[in-house]
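Visitor: I have a structure open and some questions about how it packs. Can we go through it?
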Amino acid sequence: MADAVIVVALLLVAATATAAVAVRDPVSQALVLAVLGVALALLFTVLQAPDVALSQLAVGSALTPLLLLLSVRKVRRQRKGRTE
Amino acid sequence: MNGWTVTATAALAGGGAAVVWGVATGPLRRRVIAQNLSTTLFCSALLLLAQGYGRPSYVDIALVLALLGPVGTLVFARLLAEDLDEDPPRARALTWRAVGFGAAVVLAACVATGPGRAMAKLLVTGALLIGGTLVASRALAHGMPKGEDRHG
């Protein structure tokens, strides 16, 4: 019974990771990745690794989506400039 | 397994499923709302788990998430402003419900901790969480200044 939290966290991570792969649009993928980062941090906390969770949070919740969105923006701009 | 962990498990199972469903399907506006509210849900769950495990240092993770989660949502609100402009995401009832859950969790944890430094940290976390969620959902609903306006 004490493992219920671990099972729920694992299921959450599995579902979110599957969604991150299945979603095709890069912008939506960035959103799913943000949730996946936080879910992974939760899993690490549940597995009693709070320091790993802290670094995962710092990278996963804001930095990865920011990088992805910036690249999407740059690609869109270049494409727009090429068609004009 | 005590009441805190049971509550955290129930909240994660129910709210987590809703968040994953919301963020993986539907139009973009629904996805950003789900991402915003996932911060509130996971932060409350982390606070509950810190109480359940009897480890006050786990509150640090919730504090960092309360700080960084709204920042992530603001990044989306800023960089997706053009996509969200014509159909701004609004979910006032849902946002207030999530914020209310977060406030209830913070209050319960404060009552269980008692006065002291730990309670101050919990209150700071709660204030950051509630303020951050409200600011982020406001930025999503009302839009942000676009880059083109400033850079010309």
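Visitor: Which helix does B:Ala50 lie in?

Guide: B:Ala50 is part of helix 2 of chain B. Keep in mind that this is a predicted model.

Visitor: Is B:Ala50 buried or exposed?

Guide: B:Ala50 is buried, because 26 C-beta neighbours fall inside 10 Å and the cut-off for buried is 20 or more.

Visitor: What is B:Ala50 in contact with, leaving aside neighbours within four places in sequence?

Guide: The contacts of B:Ala50 are B:Arg55, B:Pro56, B:Tyr58, B:Val59 and B:Ala62, with neighbours within four places in sequence left aside.

Visitor: And how many residues apart in sequence are B:Ala50 and B:Lys121?

Guide: They are 71 residues apart in sequence, and the C-alpha to C-alpha distance between B:Ala50 and B:Lys121 is 13 Å.

Visitor: Back to B:Ala62. What does that one touch?

Guide: Not counting residues up to four places away in sequence, B:Ala62 touches B:Cys43, B:Leu46, B:Leu47, B:Ala50 and B:Thr125. B:Ala62 is also among the residues with the most contacts inside the largest nonpolar core, along with A:Leu42, B:Leu46, B:Leu47 and B:Leu65.

Visitor: How many residues in that largest nonpolar core?

Guide: The largest nonpolar core has 69 residues. Helices of both chains give two or more residues to this core: helix 1, helix 2 and helix 3 of chain A, and helix 1, helix 2, helix 3, helix 5 and helix 6 of chain B.

Visitor: Which helix gives the largest share?

Guide: Helix 2 of chain A, with 16 residues.

Visitor: Now helix 3 of chain B. How many of its residues are buried?

Guide: In helix 3 of chain B, 16 of the 21 residues are buried, so the rest of the structure largely encloses this helix. The length of helix 3 of chain B also agrees with expectation: its 21 residues should span 30 Å at 1.5 Å a residue, and the end C-alpha atoms are 31 Å apart.

Visitor: How do helix 2 and helix 6 of chain B cross?

Guide: At roughly 175°, with the axes of helix 2 and helix 6 of chain B coming within 10 Å. That angle makes helix 2 of chain B roughly antiparallel to helix 6 of chain B. Helix 2 of chain B contributes residues including B:Cys43 and B:Leu47 to the contact, and helix 6 of chain B contributes residues including B:Thr125 and B:Leu129. By class the contact has 6 nonpolar, 6 polar and no charged residues.

Visitor: Different topic, the two chains. At what angle do helix 1 of chain A and helix 1 of chain B pack?

Guide: The angle is about 10°, and the axes of helix 1 of chain A and helix 1 of chain B are 9 Å apart. Therefore helix 1 of chain A is roughly parallel to helix 1 of chain B. Among the residues making the contact are A:Val8 and A:Leu12 of chain A and B:Leu12 and B:Val20 of chain B. The contact divides into 12 nonpolar, 4 polar and no charged residues.

Visitor: What covers the buried residues of helix 1 of chain B?

Guide: The cover includes helix 1 and helix 2 of chain A together with helix 2 of chain B.

Visitor: Where is B:Gly26?

Guide: Just after helix 1 of chain B, and B:Gly26 has a positive phi of about 85°.

Visitor: Last one. How many residues of each chain are in contact with the other?

Guide: 33 residues of chain A are in contact with 35 residues of chain B. The side of chain A that touches chain B divides into 28 nonpolar, 4 polar and 1 charged.

Key
Residues numbered from 1 in each chain as written. Chains lettered and ligands numbered in written order. Predicted model: local features only at pLDDT ≥ 70, side-chain atom pairs only at ≥ 80, totals over all residues. Core = buried A, V, L, I, M, F, W, Y, C linked by C-beta atoms within 7 Å. Buried ≥ 20, exposed ≤ 12 C-beta atoms within 10 Å, placed from the backbone. Helix = DSSP H or I, 4+ residues; strand = E, 2+ residues; numbered from the N terminus. Contact = placed C-beta atoms within 7 Å. Axes fitted to C-alpha atoms, helices over the stretch in contact; angles between N-to-C directions. Parallel < 35°, antiparallel > 145°, perpendicular 65-115°, else oblique. Nonpolar A, V, L, I, M, F, W, Y, C, P; charged D, E, K, R; others polar. Expected span 1.5 Å × (residues − 1).
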